[in-house]
Amino acid sequence: MSTNSMAISKEIAELVEQYRAADDRSRHRWVDRILRLMLPHFRNWAPTLCRISGDVYGNHRDDVISVISERTLEVLGEALIPGKHEKVANWYSYLNGISRYAALAYFNSSEVTAASGMVALQRKQRHIARVREDLRKKLGREPEPMEVVEAANDEMRARRSNPEKQGVLVELADLDNVLPVADIADHDRAVEDDDYVLSPIEGRELVTAIIDACYLRSDQLGKAADVWVGDLYGEPPALGTVTEIARTLHIRQDRAADLLADVRTVSQQVCEDEYGVALPV
């Protein structure tokens with residue numbers, strides 16, 4: 001983590017402690033100070049959070065900043081609950097991680113997606129963008145369209161039991177509306193890799209640990225975990241939905257919701273036991 005981020009994190013931690021210690025009438029002052037401190041960073045993060053969700057031109061930038069601010073307010077409210085967010089060692093990185101979740105939820109919400117089918121379409125487009133970027137790094141050039149299609153579908157066939165039936169396989173026509181990452185200006189890449197709650201390497205290890213822990217409990221729970229967090233540390237990151245869990249495991253929505261709740265419980269335990277951090281969801 002950069003020296004500047006460490007200083008900001010320390011300042012936020014001090015403000016949070018003062019906020020917790022304040023009386024009800026004066027707490028809003030500490031909230032205002034925290035938000036004023038973080039607002040420039042929210043503005044800096046927003047273009048990247050838009051880009052990784054498919055909004056390459058930042059049309060939703062202001063909305064994303066608002067969503068991040070609102071989620072930060074919620075987290076501060078939760079911080080007043082005994083034991084809640086007390087294990088956060090780096091508030092700057094923690095808010096960075098929470099911002100990613102909040103922005104992803106916003107772009108997958110009905111506010112942005114006019115119909116439920118658009119969620120699956122957006123996930124497919126993010127998958128294509130990530131595969132294309134991985135191939136660019138591996139090949140040292142812009143990959144051919146069929147190379148992207150084949151690589152994307154190979155990944156899906158390795159992860160899904162019946163990708164053809166689930167409608168997640170990529171066709172050439174799907175590439176038309178996905179811009180190469182190389183086409184996006186470097187200044188849009190505002191979120192630094194070293195400002196995660198965990199480093200990207202640790203994050204991928206954490207995802208594997210969560211999925212493995214779920215598989216130890218049951219094969220079905222492991223598969224649900226894979227759908228939920230299997231793409232969490234991809235680029236761009238993505239979380240699976242209850243609908244996707246139900247479709248992948250061929251189960252009812254209510255059963256999928258129960259499984260997701262169990263996966264979240266296991267995830268929180270793994271995060272706290274193995275890494276000493278609270279899961280920012």
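This briefing describes the helices of a protein, the contacts between some of them, and a few individual residues. The model is predicted. The protein has 11 helices and 0 strands, and buried residues make up 48% of its 281 residues.

**Overall make-up**

- From the N terminus on, the elements run α-α-α-α-α-α-α-α-α-α-α.
- Among the contacts in the protein with a separation of 6 or more, 63% are between residues 24 or more positions apart.

**Helix 2 against helix 3**

- Helix 2 covers residues 27–51 and helix 3 covers residues 61–78.
- The two helices pack at an angle of about 135 degrees, and their axes are 8 Å apart.
- Helix 2 passes helix 3 in a right-handed crossing.
- The contact residues of these two helices divide into 14 nonpolar, 2 polar and 2 charged.
- On the side of helix 2, the contact is made by Val31, Ile34, Leu35, Leu39, Phe42, Arg43, Ala46, Pro47, Leu49 and Cys50.
- On the side of helix 3, these residues meet Arg61, Val64, Ile65, Ile68, Ser69, Thr72, Leu73 and Leu76.

**Helix 3 against helix 4**

- The axes of helix 3 and helix 4 come within 9 Å and cross at roughly 125 degrees.
- That angle makes helix 3 oblique to helix 4.
- The crossing of helix 3 and helix 4 is right-handed.
- Here the contact residues divide into 12 nonpolar, 2 polar and 2 charged.
- Helix 3 contributes Asp63, Val64, Val67, Ile68, Arg71, Thr72 and Val75 to this contact.
- Helix 4 contributes Trp91, Tyr94, Leu95, Ile98, Ser99, Ala102, Ala103, Tyr106 and Phe107.
- Val64, Ile68 and Thr72 of helix 3 are among the residues that meet helix 2, and they are also among those that meet helix 4.

**Aromatic pairs**

- A pair of aromatic rings is described by the distance of the centres and the angle of the planes.
- The count of aromatic pairs comes to 3.
- The rings of Trp45 and Tyr92 have centres 5.5 Å apart and planes at 75 degrees, which is over the cut-off of 60 degrees, so this pair is edge-to-face.
- Trp45 lies in helix 2 and Tyr92 lies in helix 4 (residues 91–107), so the pair ties together parts that are 47 residues apart in sequence.
- Both Trp45 and Tyr92 are buried.
- Trp91 and Tyr94 form another edge-to-face pair, with 5.8 Å from centre to centre and 90 degrees between the planes.
- Trp91 and Tyr94 are 3 residues apart in helix 4, so about one helical turn separates them.
- Trp91 has a relative accessible area of 4% and is therefore buried.
- Tyr94 is buried as well, with a relative accessible area of 3%.
- Phe42, Trp45 and Tyr92 form one aromatic cluster.

- Most residues other than glycine have a negative phi.
- His85 is not a glycine, yet its phi is positive, at about 65 degrees.
- His85 is placed in the loop between helix 3 and helix 4.
- The relative accessibility of His85 is 7%, so His85 counts as buried.
- His250 also has a positive phi, of about 60 degrees, although it is not a glycine.
- His250 is placed in the loop between helix 10 and helix 11 (253–275).

- Helix 10 covers residues 242–249, and its buried residues include Glu244, Ile245, Ala246, Thr248 and Leu249.
- Helix 10 is followed by His250.
- Gln253 is placed in helix 11.
- At 42% relative accessibility, Gln253 counts as partly exposed.
- Not counting residues up to four places away in sequence, Gln253 touches Val242, Thr243 and Ala246.
- Gln253 and Val242 are 11 residues apart along the chain, and their C-alpha atoms are separated by 6.6 Å.
- Of the residues that Gln253 touches, Ala246 is one that is buried in helix 10.

Definitions and conventions: Residues numbered from 1 in each chain as written. Predicted model: local features only at pLDDT ≥ 70, side-chain atom pairs only at ≥ 80, totals over all residues. Heavy atoms only, no water. Axes fitted to C-alpha atoms, helices over the stretch in contact; angles between N-to-C directions. Helix = DSSP H or I, 4+ residues; strand = E, 2+ residues; numbered from the N terminus. Left-handed = near helix turned anticlockwise from the far one by under 90°. Contact = heavy atoms within 4.5 Å. Nonpolar A, V, L, I, M, F, W, Y, C, P; charged D, E, K, R; others polar. Phe/Tyr/Trp six-rings, centres within 6.5 Å; stacked < 30°, edge-to-face > 60°. Buried < 20%, exposed > 50% of the residue type's maximum accessible area, 1.4 Å probe, protein only. Parallel < 35°, antiparallel > 145°, perpendicular 65-115°, else oblique.
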